[in-house]
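Could you walk me through how this model is put together? I'd like it as quick questions with worked answers.

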2 protein chains.
Amino acid sequence: MLAVTILGNNSAIPAHGRHPTAQVITTQEDLLLFDCGEGTQIQILQYKIKRSRINHIFISHLHGDHYFGLIGLLSSFALLGRIQPLHVYGPAPLQGLLETQFRLSDTVLPYQLSFHPIVEDGLLLDTRHYSVSCFSTRHRIECRGFLVCEKKKRRKVLAEKASALGIAHTDFSRLQDGEDIGLPDGTIILNTDVTTAGDPPKKYAFAADTLYDPDLANHFKDADLLYHEATYPGALIEKAAERYHSTSIQAAEIALKAQVKQLLIGHFSAKFESIELFEEEAKTVFPNASAAREGVTYLV
Amino acid sequence: MLAVTILGNNSAIPAHGRHPTAQVITTQEDLLLFDCGEGTQIQILQYKIKRSRINHIFISHLHGDHYFGLIGLLSSFALLGRIQPLHVYGPAPLQGLLETQFRLSDTVLPYQLSFHPIVEDGLLLDTRHYSVSCFSTRHRIECRGFLVCEKKKRRKVLAEKASALGIAHTDFSRLQDGEDIGLPDGTIILNTDVTTAGDPPKKYAFAADTLYDPDLANHFKDADLLYHEATYPGALIEKAAERYHSTSIQAAEIALKAQVKQLLIGHFSAKFESIELFEEEAKTVFPNASAAREGVTYLV
């Protein structure tokens, strides 16, 4: 189970009912938050996200539309009496900023906040079911995208068949791990006779803010879902380059190059009231493209 | 003309569609913003406040629900290409915090931002039409409320009568200033014969966050409108004291003591889905009381 719920699909300035970047990743274990623009905690309420299940927050870079909502969310966690630990991963200066704000408001957190400064590309988090790693994108300031990779999934037991062959339920876990089972009478039941392969592990790529850069496609290779920014429509290719952003067409070209299964575009310029154009343009290059819509959950 | 538009009436955590503290004061000259909780810029959009007319922002204290929206608003002003100067008044450490965030996002403001650290009670701003001063409230951290006092208004000319007596239009401005007018034939027209008194100047008091403190009433004396926090209903008087907040009953008692004309209560605890109870309670002590409602403009 891997899914992405969009809380904000706009760039820079909130407009047209659209909010700055934030998205919730639902994993088999818990929820992750990627970026946290202003108002994220209000969007979390609005879309009934179980905030207590958010254990890890990743901040791509220190442009305000990607992190101004973080201090408010962390403060609200405190006011709500959260006790389970929380991990925040982001550019190193963010730590001091948060600490200063807690000190000025005389806030003592009732939960343990672990800040993990992102200082290089690579693995950030490794759990039983998934890992999160980061890579540098090409933006005006230091910026990183994130990859969520599910671990190989356990095999699925054909329960009726296994039971009929005399395998005890208590051995099903070994079957899920791929083991053959020896019965009391000495018979060996081959694992492949009573299991099928687990669901393929999924891969989600969040490209954060970036200039068009074909080399980035290497990170997205074969992703099940790629979220790529598309701040501008195709015609504004020069403006996009100037501002270290991408167009809808460029996002789709990257998706094509990386051979991802599905593309989601977002971070739309506030100048555009409608986001239909972005989606239409992306589809001309990469048909399985959608404009990210707030409140919608996309299965990876 | 003095009016208050409520952008946020909730305390601490956004809830039930209510937002943290922010209010826009409309003066004869421009707009002031009192406090700027997270999401204020979104509320400004929502209620179609002309953001370019906001020239002065006052921050009462550094609890997040009163200022976490400031950096976002200032950044958006920059992105929108604002050029007219902006003045921010607030606790001194706020300045460094803003500067750090601008530096980290590599933001160069296209407008002049003047930060005025509030270090003592007294006058903060004095214009042709109004003044803003501040006073200390009793809160968990340093906190200040604000008073907006209109200047004495010019007299109103009884135009027909003045013209009939031979006073030239070009002398009307002198009449507004209270002067008598000498006609070419030597006749003196007494000012009071051709003018009436200007509208009485209005006074608005914003009590910010505070423990119940009858001494504060001195600042609110005869205010046309007092906004006083009422985080809790009357029954939670002990909890209110513990947290350096007031109850609806206490807010009303202050209004009564200060003999203000009208009371507005706000900063409601997120625990309460409805704010009716707060209003009903306040009215039992001070009948001309209302619960502040978001998006509503109250004339002072």
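Here are some questions and answers on domains, chains, helices and sheets.

Q: What sort of model is this, and what pLDDT do local features need?
A: Residues are numbered from 1 along each chain as its sequence is written, while chains are lettered from A and ligands numbered from 1 in the order in which they are written. It's a predicted model, where side-chain atom pairs count only at pLDDT 80 or more, totals for chains, interfaces and linings use all residues, and local features need pLDDT of at least 70.

Q: How far apart are the C-alpha centres of domain 1 and domain 2 of chain A?
A: Domain 1 of chain A takes in 3–153 + 199–299, and domain 2 takes in 156–196; these bounds come from an automatic or database domain assignment. Between the two C-alpha centres the distance is 42 Å.

Q: How many residues of the side of chain A that touches chain B are charged?
A: Contact here means that the C-beta atoms of two residues, placed from the backbone, lie within 7 Å. On that basis 29 residues of chain A touch 29 residues of chain B, with α1 (40–46), α2 (70–79) and α3 (93–104) of chain A each giving at least two residues to chain A's side. Ala, Val, Leu, Ile, Met, Phe, Trp, Tyr, Cys and Pro count as nonpolar, Asp, Glu, Lys and Arg as charged, and the others, Gly among them, as polar. Sorted that way, chain A's side has 15 nonpolar and 11 polar residues, and the charged ones number 3.

Q: At what angle do helix α9 and helix α10 of chain A pack?
A: Helices (H or I, at least four residues) and strands (E, at least two) are DSSP runs, numbered from the N terminus. Axes are lines fitted to C-alpha atoms, for helices over the stretch in contact, and angles run from 0 to 180 degrees between N-to-C directions. The axes of α9 (residues 248–258) and α10 (residues 276–285) of chain A are 8 Å apart, and the packing angle is about 35°.

Q: Which strand of chain A does α10(A) run at about 170° to?
A: α9(A) lies across β15 (225–229), β16 (263–266) and β17 of chain A, at about 150° to β15(A). α10(A) lies across β16 and β17 of chain A, and the strand at about 170° to it is β17(A).

Q: What is the bridge partner of L147(A) in β14(A)?
A: Two strands pair if DSSP finds at least two bridges between them. In chain A, 7 strands form an open, mixed sheet in the order β7-β8-β9-β14-β15-β16-β17, with β7 (122–126) and β17 (289–291) as its edge strands. Within this order, β9 (residues 144–150) and β14 (residues 203–206) of chain A run antiparallel, joined by 4 bridges. The partner of L147(A) is A205(A).

Q: Why is one side of β6 and of β18 of chain B left without a neighbour in the sheet?
A: The open sheet here has 7 strands in the order β6-β5-β4-β3-β2-β1-β18 (chain B), with mixed pairing. β6 (113–117) and β18 (297–299) of chain B stand at the edges, so each has a single partner strand.
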